[in-house]
Amino acid sequence: MTVRKLVTPLVLVGVVALLACAPFLAVPGLGVLPDTVGGIGSLQVLGTAYVIAALAITYDLLMGYTGLVSFGHGMFFALGSYGFVMLLAFTPVGFWTAAASAVGITVVAAVIVNAVALRASLIAYSMVTLAAAQLMAIAIGQNYLGSGGADGVTIPFEKLPAALVGIVNTKHVYWLALALLVGTFALARWLTTTRIGHVWRAIRENELRAEVMGFTVYTYKLVVALIASTLAGVAGVVYAILLGAADPGETSLSFSIGLVIMLILGGRGRVWGALLGAVVYTLLQQRLPAITSSAGVAALPDVVRVPLAQPQLLLGVVFILFVLFLPGGLAGVVDNGVRAVRRRRSGPPTGVAADGELAAAVSVPASAEPTR
């Protein structure tokens with residue numbers, strides 16, 4: 001194993017270990033977090049970012065690696081969340097049974113929706129997934145099966161393990177969210193390096209060519225959709241534990257569109273890019289309202305204060321700037337920086353002279369010029 005291949009896993013392990021120690025760090029949040037890093041509010045914000053990042057990674061398997069644009073991916077996340085909470089609230093089942101059953105419900109729904117939607121073209125696939133998600137949003141809005149309508153459903157905390165209940169146990173919920181992110185990241189990285197991951201890329205680049213080469217495109221697309229949807233359901237369960245409830249906002253169109261924005265910010269087709277984009281997007285969503293309502297912004301002239309007081313407007317401006325000037329997202333910026341550093345360290349390629357040497361080599365003295 002080369003040094004470079006050895007260093008990358010060590011760096012990842014070090015980052016995970018540092019994040020795991022966050023509940024014990026009294027480092028200031030520097031405006032990015034509402035409190036010190038180890039504060040209750042900061043752990044809640046970070047835990048939310050981790051869960052949404054795990055969800056964004058599952059969506060990257062669809063959109064980034066296979067080229068499937070789904071406007072209903074949030075539906076499977078919501079199915080995991082609502083299924084888990086409603087089973088705990090309205091049935092006698094326990095914690096683990098409710099969690100496993102919620103994921104099972106998500107798998108069944110994913111098989112039905114994707115088996116039908118993937119028979120259509122790419123645009124029609126997006127529309128079918130959107131229609132399915134909107135049906136679920138309407139059902140929840142109408143309080144179907146006691147789903148709570150606009151208020152959602154609260155978890156009966158007596159059915160949760162004691163280690164996950166109460167403010168004093170926020171660190172345990174934080175670690176659960178971190179474990180979800182690490183597990184999802186590791187699984188996605190592994191999948192994208194296997195043969196099936198290479199076929200997904202081939203489908204994204206040219207579906208017809210992949211089919212001509214002998215791959216059953218429909219099967220490969222169904223597999224990636226089922227994997228992504230199942231992992232989204234697991235993330236929904238953890239999100240419900242983190243919030244203590246099932247939130248109807250999970251079924252909204254803006255929630256699923258937010259996943260697209262996360263991939264644009266981070267860089268689609270890169271697992272760690274999806275992670276980075278989701279964390280940045282979630283932190284912006286969590287912290288922009290506090291910044292825009294601060295005393296410093298309120299003291300500004302109206303021509304500046306009014307637009308700055310709209311967090312969604314600022315988020316939209318950031319998105320537009322990324323689309324125009326950083327189409328590769330944050331991952332593209334990092335990749336370009338790494339390539340530049342490697343070129344600087346390695347110098348000119350073997351057999352090619354440096355700029356000064358090349359100029360000297362090709363210059364011809366006047367006396368050596370041929371006579372005319």
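For helix packing, I take axes as lines fitted to C-alpha atoms over the stretch in contact, and angles run from 0 to 180 degrees between N-to-C directions. Helices are DSSP runs of H or I with at least four residues, numbered from the N terminus.

My model is predicted, so local features need pLDDT of at least 70 and side-chain atom pairs pLDDT 80 or more, while totals for chains, interfaces and linings use all residues. Residues are numbered from 1 along each chain, and side-chain values use heavy atoms, without hydrogens and water.

Entry one: α3 with α10. I found helix α3 (residues 73-90) and helix α10 (residues 253-266) packed at about 120°, with axes 8 Å apart. H73, G74 and F77 of α3 touch F255, S256 and L259 of α10; contact means heavy atoms within 4.5 Å.

Entry two: α3 with α4. I saw the axes of α3 and helix α4 (residues 95-117) come within 8 Å and cross at roughly 145°. Among the α3 residues that meet α4 are M75, F76 and L79, and A98, A99 and I105 are among their α4 partners.

Entry three: the surface. I noted a nonpolar patch of about 730 Å², whose members include L313, I320 and V333. Helix α14 (residues 311-325) gives the largest share, 6 residues, while V333 sits in helix α15 (residues 329-346).

Methods:
Patches are made of residues with over 30% relative accessible area and no salt bridge: like charges are joined within 9 Å, nonpolar side chains (Val, Leu, Ile, Met, Phe, Trp, Tyr) within 5 Å. Accessible areas come from the Shrake-Rupley method with a 1.4 Å probe; for residues, only the protein chains shown count as cover. A salt bridge is a side-chain nitrogen of Lys or Arg within 4 Å of a carboxyl oxygen of Asp or Glu.
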